[in-house]
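Hi everyone, thanks for coming. I'd like to walk you through one structure today, so please take a look at the sequence and the model before I start.

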Amino acid sequence: MGKSARVLGEEFGRTAREMNALLKEYGYLDGNPGAYGLTEKGHQYAKEQYHSRGTGGYAQYNRNWETRTWSEETVAALRADME
């Protein structure tokens, strides 16, 4: 099972927002807050899953979102990058 940015951040003493900024700084993520995407390096350590709740009716009820989970190896790789 993968770890979210929040869970990963707990291991570094950071919030999810700070963790995403750190992952961007070291080349695992690209983009801006709320619209991050995986880089080539990030694809080695994370998986993204697309979700859709297409219930019909009004557009605001048809939510779409992605979740990203990081592998156990991410912690060691990121710590090595930080040194």
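Let me begin with Tyr 28 and Trp 70, which are both buried. Buried means under 20% relative accessible area, exposed means over 50%, and partly exposed is in between, using a 1.4 Å probe and protein chains only.

A quick word on the background. This is a predicted model, where local features need pLDDT of at least 70 and side-chain atom pairs count only at pLDDT 80 or more, while totals for chains, interfaces and linings use all residues. Residues are numbered from 1 along each chain as its sequence is written, and side-chain values use heavy atoms, with hydrogens and water left out.

Now, how are the planes of Tyr 28 and Trp 70 arranged? The two form an edge-to-face aromatic pair, with 6.3 Å centre to centre and 75° between the planes. Rings of Phe, Tyr and Trp (its six-membered ring) pair if their centres lie within 6.5 Å; planes under 30 degrees apart count as stacked, over 60 as edge-to-face and the rest as tilted. Tyr 28 sits in the loop between helix H2 (16-25) and strand S1 (29-32), and Trp 70 in strand S4 (residues 63-70), so this pair ties together parts that are 42 residues apart in sequence. In total, the structure holds two aromatic pairs.

Contact here means heavy atoms within 4.5 Å.

**The wider picture**

Zooming out, the chain has four helices and four strands, in the order α-α-β-β-α-β-β-α from the N terminus on. Helices (H or I, at least four residues) and strands (E, at least two) are DSSP runs, numbered from the N terminus. Of the 83 residues, 28% count as buried.

Which residues touch the most other members of the largest nonpolar core? Among its 15 residues, they are Leu 8, Met 19, Leu 23, Tyr 28, Leu 29, Trp 70 and Leu 78. At least two core residues come from each of helix H1 (5-12), H2, strand S2 (35-38) and helix H4 (73-82). A nonpolar core is a set of buried Ala, Val, Leu, Ile, Met, Phe, Trp, Tyr and Cys residues joined through side-chain atoms within 4.5 Å. In soluble globular proteins, nonpolar side chains tend to be buried together.

H4 has its own buried residues, namely Thr 74, Val 75, Ala 77 and Leu 78. Their cover includes H1, H2 and S4.

Is Ser 52 buried, exposed or partly exposed? Ser 52 counts as partly exposed because its relative accessibility is 47%. Ser 52 lies in strand S3 (residues 46-53). Leaving aside neighbours within four places in sequence, Ser 52 is in contact with Arg 63 and Asn 64. Ser 52 and Arg 63 are eleven residues apart in sequence and 5.8 Å apart in space, C-alpha to C-alpha.
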